[in-house]
Structures are given as C-alpha cells and as structure tokens.
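Please take me through this assembly in a viewer, one selection at a time. I would like to know what to select and what is there.

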Amino acid sequence: MNRFLLPLAAFLLLAIVLGIGVRHSKTKGIIASPLVGRAAPDFVLPDLLDPAVKFASGSMKGRWYALNVWGTWCVECRAEHSVLVAAREAGPLPLVGLNWKDSDEDARAWLAQLGNPYVAVPVDAEGRVAIDYGVYGAPETFLVDPRGVIVHKHIGPLTTDIWQREFVLRATGTAEPGR
Amino acid sequence: MIARVLAWLLACLVAGAAFGIDTTQLPDPRLQARYEALTHELRCMQCQNQSIADSPVGLAADLRREVAEQLTAGRTDQEVRDYMAARYGDFILFRPRVSARTAWLWALPGVLLVGGVVVAWRIVRRRSALAASQPDTDDLGEDS
Amino acid sequence: MLPELGQFALILALLLAALQAFFGLAAPALGRDRWLAAVMPATAGQAVMVGTAFACLVASFVRFDFSVAYVAENSNSALPLAYRVAAVWGAHEGSLLLWITLLAVWTVAVAFGVARLPARFGARVLGVLGLVSFGFILFTLATSNPFLRLDPPVPDGRDLNPLLQDPALALHPPLLYTGYVGFAVAFAFAIAAMLEGRLDQTWAKWTRPWTLAAWAFLTCGIALGSWWAYYELGWGGYWFWDPVENASFMPWLIGTALIHSLAVTDKRGLFKSWTLLLAIIAFSLSLLGTFLVRSGVLVSVHSFAADPARGVFILAFLVIMIGGALSLYAWRAPLLRSNAGFEFASRESFLLFNNILLVIAAATVFGGTLAPLISDTLGLGTLSVGPQYFNPTFLLPMLPLIALVAIGMHANWKRGRLGERGRPVIVAGLMALAIAIALVFGYYAGRPGLALVSFALGAWLVLSSLFDPLDRLRRGLSMPRAIIGMTLAHVAVGVFVIAVTAVETYTVEQDIAMARGETAHVGGFDFRFDGVDAIDGPNYDGVHGVVQVTRDGTPVVTMHPEKRRYLVQQSVMTEAAIASQAGRDLFVALGEDLGAGRWSLRIQIRPLINYVWLAAALMALGGAIAASDRRYRHARAAAAVPANAGQGSTA
C-alpha cells in the first residue's frame with residue numbers, strides 16, 4: 001500500500017466525524033442526563049402555598065407524574081407556563097412544580113396571576129434538590145413512572161406538542177394494559 | 001433579583017465574559033487548595049465555557065457550596081467528582097475520567113510519542129548508513 | 001447605495017476569482033501559454049473588487065448605516081470611530097470579508113513575488129489562491145452576506161459586543177487572519193510544485209520567506225488574543241485551552257515545524273514529501289479552525305453564532321480543497337526520493353526530531369480539542385477536555401523539544417560532530433542549571449520539581465542560542481538576517497519557557513471579600529480597599545474600586561479596577577487593574593457588590609507574565625527579520641535560471 005495515501009484516509013475519516021458533528025450541532029447545548037433510567041432522587045421540601053406542609057416525593061409513588069423545574073426569574077418559564085396550565089386542564093398526568101432558587105412571594109404572585117397547574121409546589125430555595133436531579137437550567141421537566149424511575153428528561157420550555165408526544169403518550173401509552 | 005439573574009444569563013450569552021469571584025475560605029489551607037483545584041476542574045453547566053470556580057451564575061455557587069461541604073465532611077476528591085458526574089454526566093469533568101471510553105484519549109500522547117520516536121529513529125538509521133558512504137563534497141554553510 | 005455597491009463588487013470578485021483560478025490552473029495544464037496573460041489581470045481585478053467590497057462595509061459602519069442588518073447588529077450611534085471600523089470584523093459575516101480581503105492582499109504580494117519566477121509556476125500559485133478565494137467569497141455570498149438590508153431600518157444599532165471594544169482585540173483578528181491566510185501561500189506553492197512536477201528543492205526556497213512572514217503574523221495574533229484574555233476577561237488567565245484558542249495554536253505548531261522542515265528541504269533536498277505534507281496540513285488546520293469557530297460543533301467561549309448550514313458549506317469546501325490536495329499528494333509524493341544521508345547527531349537529525357515532536361504536540365492538542373466530538377460520534381458519550389488534560393500532555397513532547405533545540409542549533413549539516421562547539425553547549429547547560437537552582441531555591445524559594453526542569457531548559461536555550469552570534473561578532477563575521485532572526489526567535493522561546501514556568505508555578509492569588517478600609521496581604525504586598533467611585537464612559541457607566549498598594553509601608557501604586565455596564569446591551573464587564581513592575585504584574589479585579597460596602601476582589605501577583613508577551617513579540621520579530629533575509633530575494637531573482645539540481649534530488 002502507498003503510505004502517502006494515509007493522510008488522505010485520515011482526513012476523510014475526520015471529515016466524516018465533522019459531518020456527524022455538524023448534524024448534531026443543533027442539540028449541542030443539551031447534555032443528556034445520566035439520571036434517565038435511574039430512580040428519581042427522594043426529597044422532602046416545604047410546599048410553596050403552605051410552608052407548614054412538607055411535600056415528599058415518595059408520596060407520588062405508584063403513579064406517573066412530571067416534575068417541572070421552574071423559577072419566576074426564568075424568562076422561558078413564562079412562555080411555558082400557559083402550556084402547563086392547559087396541560088393540567090386537559091390531561092391526567094399530574095405536575096409537580098419544583099420552585100428553584102426563587103423568592104416565595106414572587107412565586108406565589110406568579111401562580112396567583114398565571115394559574116397554578118401543579119398538584120404540589122415544593123420549594124428548593126437552596127438548590128440542593130436541583131443538584132440531585134442534575135438540573136442546570138430552567139425550565140427542565142422530568143417524567144417519572146409509577147416505580148419512581150425517571151423515564152425521560154426534557155430541557156427547555158415545553159410546547160403542547162412536546163408535552164403530548166414525550167410525556168402524555170409515554171405515560172398513558174404504558175399505563176393502558178391493552179395498548 | 002430578577003434583573004441580576006437576567007444580567008447573568010445575558011452575560012453568559014454575550015461571550016461567557018462575566019466571571020465570578022469566589023471568596024470561600026475553608027479553615028484548613030490544605031482543604032482550601034483541594035477546593036480550589038476541584039472547582040477549577042468542574043465545568044459550569046450553564047456558562048459551559050467556564051469552570052464553576054470562575055462562573056458567576058447561581059448554579060455554580062450551589063455546586064461550589066456542595067464541593068466545600070463535601071470536602072469539609074471528609075470526602076475524597078474522587079468521591080466529589082463521582083458525585084457530580086452521577087448527576088450531570090461526564091460532561092461536567094474538565095479532566096476526563098480514565099476509563100475504557102476515554103482510554104484512547106489518555107493513551108494518545110504517549111502512543112504518538114513512542115511511535116514518533118520509533119519512526120524518527122528508523123529514518124536516522126537509514127540516513128546515517130547513507131551518509132557513511134557519501135563523501136563530504138557539498139558546500140554546506142553554517143547558516144540555516 | 002454603498003451596501004449594494006459592495007455586494008456587486010463582491011459578486012464581481014467571485015467571477016474574477018473563478019477566472020483567476022481557471023486561467024491559473026488550466027493554462028499551464030493545457031499548455032496554453034497565451035492564457036497565462038489573463039491570470040494577472042484577473043488577480044488584480046479580484047483584489048480591487050474585494051477591496052471595494054471591504055471599503056463599502058467599512059463606510060457603512062463609519063456612516064452609521066443602520067439599514068444594513070450587519071451594521072445594526074454590531075454598531076451603535078455612541079460607538080467611537082475606531083471601534084466602528086473594528087466592528088467590521090466584530091462578527092461572523094464581516095470577519096469572513098476580512099479573511100477574503102487579507103487573502104487578496106497576500107495574493108497581490110505573491111503576484112509581485114512570483115513575477116520573477118517561471119511563468120507557469122507563478123500562474124499555478126495564483127490559480128490555487130484564486131480557488132481558495134473563490135470558495136470563501138461563495139461562502140460569504142451564499143450563507144453570510146454582510147450587505148443585507150433591513151426593511152424597515154432600525155433607528156439605532158445593538159452595539160458592538162463590549163468585550164470586543166478594546167484595542168488589542170480590534171487588532172487580534174486582522175493579525176490572526178493574516179497568519180492563517182499566509183499559510184494559504186505556502187499551500188499554494190506546495191500545490192503548484194506538485195502540479196508542476198517541479199519537485200526539487202527550489203519551491204522550498206521560494207516558499208520560506210512567505211511562510212516565515214505568515215508564522216510571524218500568526219504568532220502576533222495569538223499573543224495579542226492571549227494578552228487580551230488576560231486583562232479583559234477578568235480571570236487573570238492567559239490561556240484556557242479553549243477549542244478556538246487551540247484552533248489557532250495547531251496551525252502555529254505545524255507552521256513552526258514547517259519553517260524548520262523547509263530549511264532542511266531548501267538546504268539539503270531532504271524531507272521533501274514531508275515538507276509538502278506540512279504545508280498542506282498547516283493550511284488545512286487554518287481552514288479547520290474556521291470551520292470549528294463558525295459551525296458550532298464545539299462549545300467555546302469565542303465561537304460565532306452556530307449555524308449548521310455554514311458548517312455544511314465549510315465542510316464541503318474543506319473536503320474539496322484538502323481532499324484534493326491530499327489526493328494530489330498521494331499521487332506525487334511517491335516520486336520524491338532522496339538518497340542524501342546524514343549522521344545521527346547532524347542538524348538534519350535534530351530537525352527531524354524537532355518536527356516529529358512539534359507534530360506530536362499539535363496532534364495531542366488536536367485529539368483533545370476534537371475528543372468531545374469524536375467521543376460523541378462513536379457513541380462513547382459526552383465528555384469535556386480542559387486544561388487538566390492539555391497541560392500535562394502538551395509538556396510531554398515539548399520539554400524534550402526545548403533540550404533538542406538547545407543542542408541542535410550547534411549541530412553541523414550532514415555530519416554528526418558537535419566538535420569544538422560541544423563544550424560551550426555543555427557549559428551553557430551547567431550555567432542554566434545553576435540559574436534554575438538559584439531561581440527556584442533562592443529567588444522564588446520553593447516548589448521545585450517541574451519548575452526546576454523548565455527553568456533550566458529555558459535558560460539553557462537562551463544561553464545556547466546566544467553563543468553562535470556572539471562568536472560571530474567576536475570573530476568579525478557577517479551576520480545574515482536569517483541568523484539574527486533565528487537567534488532572536490530561539491532566545492524568545494527560552495524566555496517564554498522561563499516566563500510561563502514562573503507564572504504557572506509562583507502566581508499568588510487571593511479572592512477576597514473586602515470592606516472599605518480593609519487590607520489584604522498578598523505575596524508581600526498590602527492591598528487596601530478604599531471603596532468604589534462612580535465612573536462615566538462614552539457608552540458605559542459603572543464604578544471603579546480604589547485600591548492602595550503598599551509594600552512594607554512604602555506606597556507602590558494606586559489601582560482602579562473597573563466594573564462597567566455597557567448601556568446598549570446592558571452587559572456588565574470587568575476591567576481589571578494591572579500594575580506592571582519589572583518582575584511581576586499586580587492584578588486586581590473587582591467582583592460583586594456584596595452589600596454593606598463590601599466587595600469581592602480578586603488579587604493576583606503574577607511573576608514574569610509580561611515576558612510571556614515580550615517573548616511572543618520577539619518570536620514574531622525574529623520570524624519577520626528572517627523573512628527579510630537577502631538570500632530569499634536573491635533566490636527569487638535567480639530563479640529564472642534552472643535552479644541548482646541539489647544533491648540527490650530525482651524529481
């Protein structure tokens with residue numbers, strides 16, 4: 001073999017890698033979570049609307065639910081919120097709203113004004129639970145199955161379409177025995 | 001608060017220019033040194049071009065607090081790294097773990113060095129054999 | 001009107017570049033010598049049109065034409081004139097136009113240079129440059145047109161990214177691109193030589209000054225960027241092994257190898273196929289850098305807004321240019337044979353190891369930079385590669401390299417005897433070791449280990465480089481510019497090694513929260529924080545801190561680290577205060593207002609950091625001086641005569 005062909009061969013391999021890289025580049029900022037397929041970390045946090053009540057993630061065991069990470073400081077959460085409110089009205093999948101590093105007054109005002117789509121709003125003022133869930137930006141949404149395993153994670157604002165396709169379909173599709 | 005976070009995020013977007021100054025002082029200087037090394041090794045997931053040591057965003061501050069607490073509680077550096085990677089994936093580690101998946105990367109410099117020296121050595125041997133059979137006829141100045 | 005004129009000029013430039021490429025490459029290939037006459041006019045026309053387009057964009061910025069989308073995005077009515085001009089290359093579209101313009105400038109210079117070379121060869125060189133130009137102009141027009149109008153126009157622009165509003169960074173892209181584009185010239189010479197079948201060493205002689213000049217510009221560009229990062233980003237660091245930094249560093253490493261390899265090819269007719277390959281790779285890496293910065297495949301501080309369409313285009317261009325060049329190489333290189341010999345300790349041998357080590361260093365940087373991409377592509381998961389990987393792996397080939405340079409400079413061509421020069425090399429080595437020991441255990445007092453080794457190597461290189469020129473002076477021998485340039489560059493590398501070692505080993509840093517009147521004691525200096533005052537700039541406001549520095553009670557300097565808020569983009573920037581002293585920089589950056597009059601401050605004392613930039617400047621100067629050596633001009637003048645066959649070349 002002509003050893004002078006080696007540079008060309010190496011370059012063509014590189015070009016293939018770069019080509020695949022370009023195709024993936026749109027989703028580059030999104031880092032796949034190592035938590036998908038693992039048990040959702042347990043936590044107990046005070047509820048936003050009634051701090052005397054402690055919300056325990058274990059109380060959701062046995063049913064599908066979505067954990068939505070949000071904050072009033074998060075610009076995209078505002079756009080997402082109407083989707084969540086509509087989803088709550090339409091669908092059977094309960095939403096838990098983890099309020100991340102926020103002020104309680106701001107958060108309560110937000111829910112009062114825009115509607116509350118959540119069955120519970122645990123307050124993660126220090127961001128410790130968010131770290132356990134590997135949250136690195138808001139909004140993020142996790143889908144948890146009845147065994148308490150994280151099935152899916154969506155990074156960025158939800159749209160009705162994404163909510164139906166990636167969350168509701170997964171949850172109800174598996175929940176119905178005959179399918 | 002809102003304005004500040006917005007400013008942070010914007011600064012992130014502009015070019016990752018904003019930097020944070022982390023004034024954490026752990027009581028033990030050796031712990032402090034480990035703390036500084038570790039926080040420089042962990043990538044900020046929000047401003048993805050900075051380590052959590054240099055990043056101004058709130059998440060970086062939370063992660064630094066986590067590092068400080070775990071070190072103070074006696075965890076090893078590796079335990080802290082594993083803790084972070086279990087939550088955020090290997091992407092958070094600026095120093096790639098040594099594993100089967102990264103073996104090629106860590107082996108690369110050594111393999112190149114050995115391979116390069118072997119190749120160079122063979123060339124030199126061949127050329128020096130040629131040189132031995134050639135007379136000194138050419139006019140070779142001393143300048144390069 | 002002006003933007004349309006610019007657009008029109010750019011379209012004409014595209015057509016002329018096509019003609020330049022066609023006539024330049026087709027005329028010699030088809031043996032139609034009459035077509036050769038068309039190459040020069042096409043080249044000149046292309047350059048004029050590109051210059052016109054560039055001038056139109058500059059004028060649009062200077063005249064605040066916010067009906068042009070690119071101007072509206074990157075300028076503002078409050079932006080000072082100098083930055084309005086620099087804003088031309090402040091973002092993707094305009095910086096591409098700058099690339100094209102600089103390529104046109106190089107092309108014109110080359111056109112004058114090759115006028116004295118054989119006509120066909122010159123035509124081919126210009127043809128290849130025309131092809132490169134064509135690709136970039138097409139790319140600009142198709143995906144990144146800077147002349148697009150806004151309808152309706154906006155009343156005011158969104159301002160230039162405040163980070164870029166800085167003299168060093170305004171100059172950084174032109175210098176860097178001049179270097180990148182300069183490697184296109186070496187590339188064009190290599191391709192022309194392969195097409196021509198003129199594979200003796202004459203092409204190497206012709207290429208050397210161009211490559212040296214390109215390398216000098218690239219050195220300046222990289223150093224300027226690093227200096228900017230040091231004082232502007234507020235981290236106090238100067239090199240982050242960021243993908244985009246690496247993208248400029250890889251061509252530099254290969255370019256350095258190329259300069260030395262060209263010397264061997266020119267002098268001895270050896271390493272010919274290797275030199276050709278390096279010329280191709282140096283330019284390929286410049287193109288690859290463009291791809292990495294603009295396609296969004298890697299996460300980086302400095303990259304432009306990601307656009308996959310641009311990525312696809314550049315990739316296609318990359319495949320055509322580099323794939324074509326490497327195919328040509330695979331076809332032509334086997335014909336290159338040389339039976340010139342050299343002994344084990346000859347200069348050729350040292351330069352061979354130099355090349356291998358530089359290429360290994362570049363390959364390591366390359367592997368680390370692309371590792372996230374490769375890992376992802378192969379399904380091995382996402383990962384990050386940071387300084388913790390690059391620092392140790394880069395030193396692995398570089399430390400032996402420094403030692404080899406210190407010795408190799410004194411080796412003779414072909415014969416492996418250091419002879420009478422052996423002793424000074426050893427003496428210099430012992431002196432260097434003494435200096436290193438004095439520095440580590442005396443002056444800086446502590447942390448031996450790697451610092452001791454690098455100090456010794458750096459000092460050895462400096463002393464060893466000076467020996468030959470001093471000897472020449474003493475003996476009253478002439479001192480050609482090539483020798484002056486080489487000496488300067490090698491001394492600079494030694495200084496650089498020493499300076500980086502000092503910075504990396506002996507920097508003292510403290511991040512501290514301070515209230516008014518508090519004093520921090522860092523590295524033998526006392527920093528007293530006297531609160532902050534409001535400041536007011538042309539397009540920003542903010543505060544600056546007042547920090548009184550004293551040493552043993554004696555006032556040293558008053559420092560004013562700033563925190564600026566740029567009004568248009570509402571972005572906050574830190575302007576660190578830096579007080580340079582002979583042996584160190586005092587660095588103070590202002591962090592956040594912690595409330596109750598307390599601020600966070602970063603205080604650093606960085607020894608010898610100025611010498612890092614000084615060394616880079618000296619390297620570049622050395623390259624420039626060597627490029628201007630008379631020998632190259634003679635070489636070109638004499639080139640019309642069939643070049644001396646050189647020993648052992650059987651092209």
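## Where chain A meets chain B

Start by selecting the contact between chain A and chain B: 14 residues of chain A and 15 residues of chain B take part. On the chain A side, seven of the residues are nonpolar, five are polar and two are charged. Keep in mind throughout that this is a predicted model.

## Chain A as a whole

Read from the N terminus, the order of elements is α-β-β-β-α-β-α-β-α-β-β-α. Chain A has a radius of gyration of 20 Å against the 16 Å that the globule rule gives for 179 residues, so chain A is more spread out than a compact globule. Along the principal axes, the C-alpha atoms of chain A occupy a box of roughly 75 × 45 × 30 Å.

How much of chain A is buried? Of its 179 residues, 38% are buried. Among the contacts in chain A with a separation of 6 or more, 76% are between residues 24 or more positions apart.

## The sheet of chain A

Now select strands E3 to E7 of chain A. They make an open sheet of five strands in the order E5-E4-E3-E6-E7, and the pairing is mixed. At the edges are E5 and E7 (150-155) of chain A, each of which pairs on one side only.

Within this sheet, pick out E3 (residues 65-70) and E4 (residues 95-100) of chain A. These two strands run parallel and are joined by five bridges. To see one bridge, select A:Asn68 and its partner in E4(A), A:Gly97.

## Confidence along chain A

Colour chain A by pLDDT. The mean over the chain is 88, and 93% of the residues score at least 70. Which elements of chain A have the lowest and the highest mean pLDDT? The lowest mean, 82, belongs to helix H5 (residues 160-175) of chain A, and the highest, 96, to strand E5 (residues 123-124) of chain A. Then select residues 175-179 of chain A, where the pLDDT is below 50. Beyond near neighbours in sequence, this stretch makes two contacts in the model.

## Chain C as a whole

Chain C contains 18 helices and ten strands. For its 651 residues, a compact globule would have a radius of gyration near 26 Å, and the 26 Å of chain C agrees with that. Its C-alpha atoms fill a box of roughly 80 × 75 × 55 Å along the principal axes.

In chain C, 59% of the 651 residues count as buried. Of the contacts in chain C between residues at least 6 apart in sequence, 75% join residues at least 24 apart.

Colour chain C by domain: domain 1 spans 1-165, domain 2 spans 405-498 and domain 3 spans 508-609. Between the C-alpha centres of domain 1 and domain 2 of chain C, the distance is 45 Å.

Zoom in on residues 519-522 of chain C, which are strand E2, and on residues 525-536, which are strand E3. E2(C) and E3(C) pair in the antiparallel sense over four bridges. In one of the bridges, C:His521 is partnered by C:Asp526 of E3(C). The two strands form a hairpin with two residues between them, and C:Gly523 in the turn has a positive phi of about 55 degrees.

Continue to strand E4 (residues 540-551) of chain C, which pairs with E3(C) in the antiparallel sense over nine bridges. Here the partner of C:Asp533 is C:His544 in E4(C). E3(C) and E4(C) also form a hairpin, with three residues between them.

## Where chain C meets chain B

Finally, bring back chain B. How many residues of chain C are in contact with chain B? There are 59 from chain C, in contact with 46 residues of chain B. Elements giving two or more residues to the chain C side include helix H13 (387-408), helix H16 (481-506) and strand E9 (584-595) of chain C. Select H12(C) separately: with nine residues, H12(C) gives the most to this side. By class, the chain C side has 31 nonpolar, 22 polar and six charged residues.

Note on methods
Residues numbered from 1 in each chain as written. Chains lettered and ligands numbered in written order. Predicted model: local features only at pLDDT ≥ 70, side-chain atom pairs only at ≥ 80, totals over all residues. Domains from an automatic or database assignment. Contact = placed C-beta atoms within 7 Å. Nonpolar A, V, L, I, M, F, W, Y, C, P; charged D, E, K, R; others polar. Rg over C-alpha atoms; globule rule 2.2 N^0.38 Å. Buried ≥ 20, exposed ≤ 12 C-beta atoms within 10 Å, placed from the backbone. Pairing = 2+ DSSP bridges. pLDDT = per-residue confidence, 0-100.
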